[in-house]
Amino acid sequence: MKDYTSQKVSLGEKFGYSLGDAAANLVFQMMMIFQLKFYTDVFGLDGAVAGSILMIGSLSAIIVDPTVGVLIDRTRTRWGKFRPWVLWTIIPFCLFYVLAFYNPGIQQKSMVATYATISYVLMMTAYSFNNIPYASLGGVMTSDIKERTSITTIRFIAVTIAQFVVQGLTLPLVDTFGQGNKQHGWVCTIGLFACIAIILFVITFMVSKERIQPPPTQETNIKEDIKDTVSDVSWNSMALLTFAIFITLAMWGSAMNFYFQYNIDQKSLQNFLNLFGLNIEQKEAYSIGFSLFNMITAIVQFLGVVCLSRYLANKYGKKKVFIVCLSLTAFFTALFYIPSPTDVSLLFVLNILKSLAYAPTVPLLWAMIADVADHIEYQNYRRATGFCFSGITLALKLGLGLGGAIAGVIISMFGYVSGGETIQNETAMEGIRIVSSIVPAILFGVGVIALYFYPISKEYNESMQAELAGRRRLMAKQKDENLLD
């Protein structure tokens, strides 16, 4: 009989599982940081049009994501429920990723917008079919609270490394591969990331294990799965939190790309970078400066995840840590409105403070969502891990699309002119400043409010896991007795 009180996961399995999110973030970070600016400055689309494309792609998830959740909850294979979907979707996911950053020679802007919309929707659909099973897999690898936090900590160390690669190396790689041809540089860079992602996803499929199963007496019932999930207060608070966080990350990530090119005085940025012995020319300041800015973000978050997240969560509980750290993140984000175009050093200092404040929350989100899946089972004696995670992923994607859309619409309203090399007027730069500071800070605050309604404290979680472990032991014992009979 399986022991449900101690479900230890080997370091090798934790590492192998984490590679799947590193692979996914070779795509996700690109969408969050570069997709909007790619559409405006490479495809030459208006900011509002580009934002609308991102929003359409996210709205398609309203149909796709719940469908994926229902399908994977009803999957039965010798590899489990979730692992097969990770394997089956690798090639289409990476293929559509490349197509979303490739223009097959289309010149007419309306046709470019149509192609961009179709390719982006296909990429987002493939993302759902790959990432929802992957995220759900993390919720069934163990029921041990500390092991679950350990898994997500290692997972987001891998995520931070992928973030470092994408945010820090994309623009230099585009320049290197393109040699003056931006479109060629982007396709080569995305193709390289896609090939790496394929390898990482295969490793995740091979090494991960599914240990938690639905109650053996549970009957298939889509209506019950939906009702149990959407009526759960912990699920609703996490869905709102996820939506608020990712609308903010997408907005801020896209806006800072514009911020570095247009709001910062390029001569001041060049001088700042040359203090570190880089000896760059002024024309290189934007790409190298923005890459360095993102690398610092990744390094600080990496150190915060490794040194703080697990320790703080185990000592104070995930909820308390999340509330304090997200509140500080909102505060430091708002301060990005302050630096003048020449005050480059202050911008980098604020980035370090914001990244350090946010870092402990990075692994906690998905660990808390796994706790929500347990809470639904605890309350209803039914488990629907796939549908639970698909709903949260839907909130993530809606936030991702809406964040990019809002950023595109706001900069367009303030007079941003697409094209990549155009000098923007003062009004356009003010719009970029607002969408880089005040608006995302307010939305982070919405996430803090959502956390106050999340009922699973450290003490509550320990009691819940003990109760669930007892139920699973009893069900396993009854199953063994029935087999003997």
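The axes of helix α16 (residues 364-380) and helix α17 (residues 385-413) approach to within 10 Å and cross at roughly 140°. This makes α16 oblique to α17, a label for angles that are not under 35 degrees (roughly parallel), over 145 (roughly antiparallel) or 65 to 115 (roughly perpendicular). The crossing of α16 past α17 is right-handed. On the α16 side the contact involves W366, I369, A370, V372, A373 and I376, and on the α17 side C388, F389, I392, T393 and L396. Contact means heavy atoms within 4.5 Å. These residues comprise ten nonpolar, one polar and no charged.

The model is predicted: local features need pLDDT of at least 70 and side-chain atom pairs count only at pLDDT 80 or more, whereas totals for chains, interfaces and linings use all residues. Residues are numbered from 1 along each chain as its sequence is written, and side-chain values use heavy atoms, with hydrogens and water left out.

**Terms for helices**

Helices (H or I, at least four residues) and strands (E, at least two) are DSSP runs, numbered from the N terminus. Axes are lines fitted to C-alpha atoms, for helices over the stretch in contact, and angles run from 0 to 180 degrees between N-to-C directions. A crossing is left-handed if the near helix is turned anticlockwise from the far one by less than a right angle, and right-handed if clockwise. In residue counts, Ala, Val, Leu, Ile, Met, Phe, Trp, Tyr, Cys and Pro are nonpolar, Asp, Glu, Lys and Arg are charged, and the others, Gly among them, are polar.

**Two further helix pairs**

Helix α4 (residues 61-73) packs with helix α7 (residues 109-138) at an angle of about 45°, and their axes are 9 Å apart. The two helices are therefore oblique to each other, and α4 passes α7 in a right-handed crossing. From α4, the residues V64, D65, V68, L71 and I72 meet T125, S128, F129, I132, P133 and S136 of α7. Seven of the residues in this contact are nonpolar, three are polar and one is charged.

Helix α1 (residues 11-33) and α9 have axes that come within 8 Å and cross at roughly 155°. They are therefore roughly antiparallel to each other, and the crossing is left-handed. Among the contact residues are G16, Y17, G20 and A24 of α1, together with W186, F193, A197 and T204 of α9. The contact as a whole divides into 16 nonpolar, three polar and one charged.

**Individual residues**

| Residue | Relative accessible area | Class |
|---|---|---|
| S254 | 2% | buried |
| K397 | 1% | buried |
| Y460 | 28% | partly exposed |
| Y381 | 54% | exposed |
| Q179 | 66% | exposed |

Buried means under 20% relative accessible area, exposed over 50%, and partly exposed in between (1.4 Å probe, protein chains only).

S254 belongs to helix α11 (residues 233-263). A polar atom of the S254 side chain lies 3.2 Å from the backbone oxygen of M32. Apart from residues up to four places away in sequence, S254 touches M32, I33, L36 and A407.

K397 is situated in helix α17. Leaving out residues up to four places away in sequence, K397 touches S58, A61, D65, M124, Y127 and S128.

Y460 lies in helix α20 (residues 458-484). Not counting residues up to four places away in sequence, Y460 touches H375, Y378, Q379 and P455. Y460 and P172 are separated by 288 residues in sequence and by 48 Å in space, C-alpha to C-alpha.

**Helix α12**

In helix α12 (residues 266-274), the residues Q266, S268, L269, Q270, F272 and L273 are buried. These buried residues pack against α11, α13 (285-316) and α15 (344-358).

**Loop residues with positive phi**

Most residues other than glycine have a negative phi. Q179, which is not a glycine, has a positive phi of about 50°, and this residue lies in the loop between α8 (145-178) and α9 (182-207). Y381 also has a positive phi, near 60°, in a residue other than glycine. Y381 is placed in the loop between α16 and α17.

Methods
Polar contact = N/O pair within 3.5 Å; in protein donor to acceptor, adjacent residues only side chain to side chain.
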